Amino acid sequence: MTIVSAMNRRPPAQSANVIVETYPGYKGEPTPRAFIHESIRLEVREIADRWETAQYSFFKVLASDHHCYTLRHHQEDLTWELVMREES
C-alpha cells in the first residue's frame with residue numbers, strides 16, 4: 001500500500017487537503033483504496049468510473065460515508081486532489 005499526499009509543491013493553505021491510500025490497479029497504476037479528508041478516513045467501497053487525460057487520472061468513487069467523490073491523480077508529480085463531493 002502506498003500513501004501519497006496532495007500537499008504537492010503548493011503552500012498548505014492552498015493544498016487539496018487529501019491523503020490517498022492506493023494499491024496497484026490492473027495496469028499497475030495507483031488506484032484509490034481509501035482517503036483522508038478533513039481528518040476523516042473514508043474507505044473506497046466502489047470505483048464507479050475512471051478516465052484519463054494526458055496529465056491526470058480521475059476516479060469517481062463511492063466512499064464509506066455513502067457519498068460519491070471524484071479524486072484526481074497527477075501522473076507526473078504523483079499528487080492527488082479531491083475535486084468534487086456529491087451528496088447521495
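Q: What makes R72 count as lying over the face of Y56 in this predicted model?
A: R72 is placed 4.4 Å from the ring centre of Y56. The cut-off for a charge over a ring is 6 Å from the centre, together with an angle within 35 degrees of the ring normal. R72 therefore counts as lying over the face of Y56.

Q: Which residues do ring pairs link into a cluster with Y56?
A: Ring pairs join Y56 with W51 and F58.

Q: How many aromatic pairs does the structure hold, and why is the pair of F35 and Y69 called edge-to-face?
A: There are four aromatic pairs in the structure. In the pair of F35 and Y69, the ring centres are 5.0 Å apart and the planes stand at 70°. Rings pair if their centres lie within 6.5 Å, and planes over 60 degrees apart count as edge-to-face; the pair is therefore edge-to-face. F35 belongs to strand β3 and Y69 to strand β6 (residues 68-74), so the pair links distant parts of the chain, 34 residues apart. Both F35 and Y69 are buried.

Q: Why is the pair of Y56 and F58 called tilted?
A: The ring centres of Y56 and F58 are 6.1 Å apart, with planes at 55°. Planes under 30 degrees apart count as stacked and those over 60 as edge-to-face, the rest being tilted; hence the pair of Y56 and F58 is tilted.

Q: Why does F58 count as buried?
A: The relative accessibility of F58 is 13%. Buried means under 20%, so F58 counts as buried.

Q: Why is E29 called buried, and where is E29 found?
A: E29 has a relative accessible area of 16%, and the limit for buried is under 20%; E29 is therefore buried. E29 is found in the loop between β2 (18-24) and β3 (30-37).

Q: What makes the approach of E29 to R50 a polar contact?
A: The side chains of E29 and R50 come to 3.0 Å, and the cut-off for a polar contact is within 3.5 Å. A polar atom of the E29 side chain also lies 2.9 Å from the backbone nitrogen of K27. Beyond neighbours within four places in sequence, E29 is in contact with Y23, P24 and R50.

Q: How do you know that β2 and β3 pair?
A: Seven bridges join the antiparallel strands β2 and β3, and pairing requires at least two bridges. P24 has P30 in β3 as its bridge partner. The two strands form a hairpin with five residues between them, and G28 in the turn has a positive phi of about 85°.

Conventions: Residues are numbered from 1 along each chain as its sequence is written. This is a predicted model: local features need pLDDT of at least 70, side-chain atom pairs count only at pLDDT 80 or more; totals for chains, interfaces and linings use all residues. Side-chain values use heavy atoms; hydrogens and water are left out. Helices (H or I, at least four residues) and strands (E, at least two) are DSSP runs, numbered from the N terminus. Buried means under 20% relative accessible area, exposed over 50%, partly exposed in between (1.4 Å probe, protein chains only). A polar contact is a pair of N or O atoms within 3.5 Å; within protein, one must be able to donate a hydrogen and the other to accept it, and residues adjacent in sequence count only if both atoms are side-chain atoms. Contact means heavy atoms within 4.5 Å. Rings of Phe, Tyr and Trp (its six-membered ring) pair if their centres lie within 6.5 Å; planes under 30 degrees apart count as stacked, over 60 as edge-to-face and the rest as tilted.
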